[in-house]
Each structure stands twice: as C-alpha cells, then as structure tokens.
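Me: I would like to learn how to read a few features of a protein model. Please give the general idea each time, then the case at hand.

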Amino acid sequence: MTVTIENLRDRVRGPVITETDQRYDDVRKVNNAMIDRRPWVVVQCANAGDVMAAVDFARANRLDVAVRGGGHSVPGFGTCDDGVVIDLSAMRGVRVDPVRRTARVEGGATWGDLDAATHAFGLATTGGIISTTGVGGLTLGGGIGYLSRRLGLSADNLVSADVVTADGTMRLVGEDSEEDLFWAIRGGGGNFGVVTSFEFRLSPVADIYGGPMFFDLDRAGDVLRFFREFIAEAPEEFGGFPGFHLAPPLPFIPQNRHGLPHQLLVTCWTGDVREGERVIGRLREVAPVVAEHVGVMPYPLLNSAFDALVPPGLQHYWKASFVRELTDEAIEAHITYGARVPSVNTAVHIYPINGACHRVGQDETAFAYRDANFASVIAGMWPDPADNEANIAWVRDFYAATAPHAEPGGYINFMAGDDQERIKANYRQNYERLAAIKRSYDPDNLFHLNQNIRPGMARAA
C-alpha cells in the first residue's frame, strides 16, 4: 500500500476503525439490513481535514470510497467491501444566522438536527419526510419534502457548500465560486465529492396545520382523482401527499383497522391556520375519514412523525418514477397494488412537486424534471429477510404496472441498486453537462458508489 493505515491515523483526529477493532461490526452497518459489506477501513471524520485525509488515502491506494451521512441509502452506497468508508456521522453541527436567515450545516447532520436548530428561530427549509435522513444525501439528490411546493427543493435553497473533491482539495462552491460544481451538486448526487458543510436559505415556518388522514381503500379512486385536480391549483402553502399504508397500531386509529390497507393523505399547511382548516376540510368532503390526527403542531413534529416506522435494520427495496399526469390508468394500478402493501413499514407515496419546484428551469440545476407534477415512490420496507423474495417481487410488479404511465426517469434518492441503467433518463438533457463536470473534478471516477455519472469523454482540441 502506498499510504498505510498508520499514516492515515497520524493525519486524522477522528477514529480510524478496521476489522480488528471491537466496534467494527457496529460501525460498518447501514440502515438497510440487506446490505452486509466489510470495508477495509471506516474513518469516522471529526472535521473537513479528516475527510481530505481519507480521500487522499483512498486515491493513493486505489480503493473504493463510500460516503456515509445519515446511512439511509437504500442501495447501501454508504458502505463497501474492501474500501474506505468516509463516515460523516460525527459532523452534525448546525449554526443558524437568524438575521440573514441562513443555516450552516455539517455534512453528517440529519434533518432532525437541522429542524431542531432552525425551529428555535421560527425558520425552516425544505427537508424530507423522515427526520433521521441525512441532510447531505437528500440535498445532493434534489430534496423533496413537505415544503417543496412553497419553497422549492432542498437543493433550490442551497446557498453554498464546502466540497472535498477527488484530488483531496477543499472547494467553496456557490453562485460566484466553482459555478459548474455548484450546479452539479444540486441534484447530481454524490458523484462530485464529499460535501462537508451546506449553507441553506431559511424561510419563516414555525407551526403547521396538518397530519395524517386515513380513508377506506374502496374510496381510494375518489380520493386520488380529487387530489389530482386539487393539487394542480392548491395554494403553495399546502404540501401534503397521498399514499397507501397498512394502518399502524396508533391510538387515534380504531383497533379493528390496525394492519389493514388504507388510502392515506398526509396534510401539511404552512399558512394561516383558519385558511388551512378550510383547505384541508375540502379533502374530508371527498370520502368518509376512517381516522385522522390533524391539528396545529410544530413543523419538526410532522417531519418526524413517521420515524418509528423506519428504524435501522429493516430490509429495503424501492422503485421510483416522475409523473407528469396521474392518469386514471395509473390510479387503478396504484389501487390494485396498494391493496397488497406487505408490511406496516412499507410506504407508497405520491409527492407533488409543482408550485415553487416549477419556477426553476430544467437546466438551472442538475435536477432535470422541473415539468413533472409528482414524484412517486414504492418504498418496500419489512423486518424479516425470509420475506425478501416475495416483497421485492411486489415492488417490481407495482413499478412495472405504473411505469407505462410515468416518465422514463425517477428521483435518484428513491432508486434501487439495480437502477443504474436509468441514470441518463434521470438527468435527461443535463446528463452530458454532468458527465463533463465529472471529468473535470473526478476523471478517474473515485466517487462511483452512487447512482453513477461516468466521466465524459475529453473533447478534441
């Protein structure tokens, strides 16, 4: 080896863990229990300097590099066999500037970390749906959540970032610095380096009005057809979404409904409460509500409401699509397979991404599907590996039934490990520019454990 583990330990402040360490089996785990890999070394970075050293070590020794933030990557991109895991989970600091309405967030922070810090000032930015998700992974893939229709994607609210590229150099990127790289990391995933900190624009969001509403499955068609028309004109303060779930054993749900499939609407209103009551009241008129837990609550409470359904250690297999129009045929396919949701952990969600998301041009960031109205996900999650074959088949069959009514590409944060052949479709007209930027910053494809954009060919002089 060109650079030894001892050399690496001399350069970094955080722990450097190999298979001889008692903690090795714990630190190599990721959330998806289907993934069982044995890295050569896990570097639990304490700061950006540690990241730079870990990148140098991997490059010098021609080792694979996996970057782990929240550890939620469904394909298990946060770990690898016989390579280097750059673990950012100890880098979780958040500093809020309430005057400028910005937050500087370290690369290992979760959305729960960011929400807690910004909520103290009555501020927020677009996060995801699960608060234990890493800020980094979600943002680099675009970032869809409750606030997308009002504020745009997480990436649309990114002001600047610190990025360690494949040569081990730290770069400050933003609108006026390394503009191509800044463009690429807003939707291009982890292809271009390790982001050690993000600076976000914040907006006033404190308490919201909303929560989950469950409907009988036999009224799912009515609910989805109404939602399709409703969301096209709904005020941007509304950020909810429909889906299919087995009813969990929660106190507000009748006991005889526990474990049965239902049509779900999760509602979120960030404007005036009385107006929110009126808008969400329209949803109750579509069909009888079986159960609901709707009211005024802090935004972070809604953004963590589903955390208990997604603990570490589940089996995961997901598929995703972008959708322009939720056709009647697509709705029927959703109902057919939504009735067969295999576990209480599994989630089928149809996220609206119109509103503010549409006010950004298709070539202004790497995220290309600015004309899509929905991002759908079939998030198969279950506890028992014995169910893997049957449940993976359900996800694939569900996807196959809905794909003819969707766009060729999907949201990369929801993609499975076997979706690499869709990478060009995911980026459409932006792919060639991304490949050229990849060649500039990572010509040897050091950062390839992701939905990989391969370095473009050099142009002739």
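Me: What volume does the second largest cavity have?

Reply: Rolling a probe the size of a water molecule over the atoms shows where empty space is left. On a 1 Å grid over the protein atoms alone, a cavity is a set of points where a 1.4 Å probe fits but cannot get out, while a pocket is an open set with protein on both sides within 12 Å along at least five of seven lines; lining residues have an atom within 4 Å of a point. Grid points are joined across faces, edges and corners, and a volume is the space filled by probe spheres set on the points. Here the second largest cavity comes to about 70 Å³. The whole structure holds four cavities of 30 Å³ or more.

Me: What should I know about the model before going on?

Reply: The model is predicted: local features need pLDDT of at least 70, side-chain atom pairs count only at pLDDT 80 or more, and totals for chains, interfaces and linings use all residues. Residues are numbered from 1 along each chain as its sequence is written, and side-chain values use heavy atoms, with hydrogens and water left out.

Me: Which residues line the second largest cavity, and of what class are they?

Reply: Its lining includes G141, G187, F322, Y369, Y411 and N426. For the classes, Ala, Val, Leu, Ile, Met, Phe, Trp, Tyr, Cys and Pro count as nonpolar, Asp, Glu, Lys and Arg as charged, and the others, Gly among them, as polar. By that count the lining of this cavity has eight nonpolar, four polar and no charged residues.

Me: How many residues line the largest pocket, and which lie nearest its centre?

Reply: The largest pocket holds about 350 Å³ of space. Its lining has 15 residues, with P212, L250, F252, A305 and F306 nearest the centre. Two or more lining residues come from each of β12 and α10 (299–302); helices (H or I, at least four residues) and strands (E, at least two) are DSSP runs, numbered from the N terminus. The lining divides into 13 nonpolar, two polar and no charged residues.

Me: Which residues of α3 are buried?

Reply: Buried means under 20% relative accessible area, exposed over 50%, and partly exposed in between (1.4 Å probe, protein chains only). In α3 the buried residues are D50, V51, A53, A54, V55, D56, F57 and A58. They pack against elements including α1 (5–11), β2 (41–44), β3 (65–68) and β4 (84–87).

Me: Is I86 buried or exposed, and what does I86 touch?

Reply: I86 is in strand β4 and counts as buried at 0% relative accessibility. Contact means heavy atoms within 4.5 Å. Neighbours within four places in sequence aside, the contacts of I86 include V51, A54 and V55. I86 also lies 4.8 Å from V67, C-alpha to C-alpha, although the two are 19 residues apart in sequence.

Me: What is the phi of R62?

Reply: Most residues other than glycine have a negative phi, and most peptide bonds are trans. R62 has a positive phi, near 55°. R62 sits in the loop between α3 and β3 and counts as exposed, at 78% relative accessibility. N445 also has a positive phi, about 60°, without being a glycine; N445 is found in the segment after α14 (431–441) and is buried, at 14%.

Me: Which side chain makes a polar contact with N388?

Reply: A polar contact is a pair of N or O atoms within 3.5 Å; within protein, one must be able to donate a hydrogen and the other to accept it, and residues adjacent in sequence count only if both atoms are side-chain atoms. The side chains of N388 and W382 are joined by such a contact of 2.8 Å. N388 belongs to helix α12 (residues 388–402) and is buried, with a relative accessible area of 16%.
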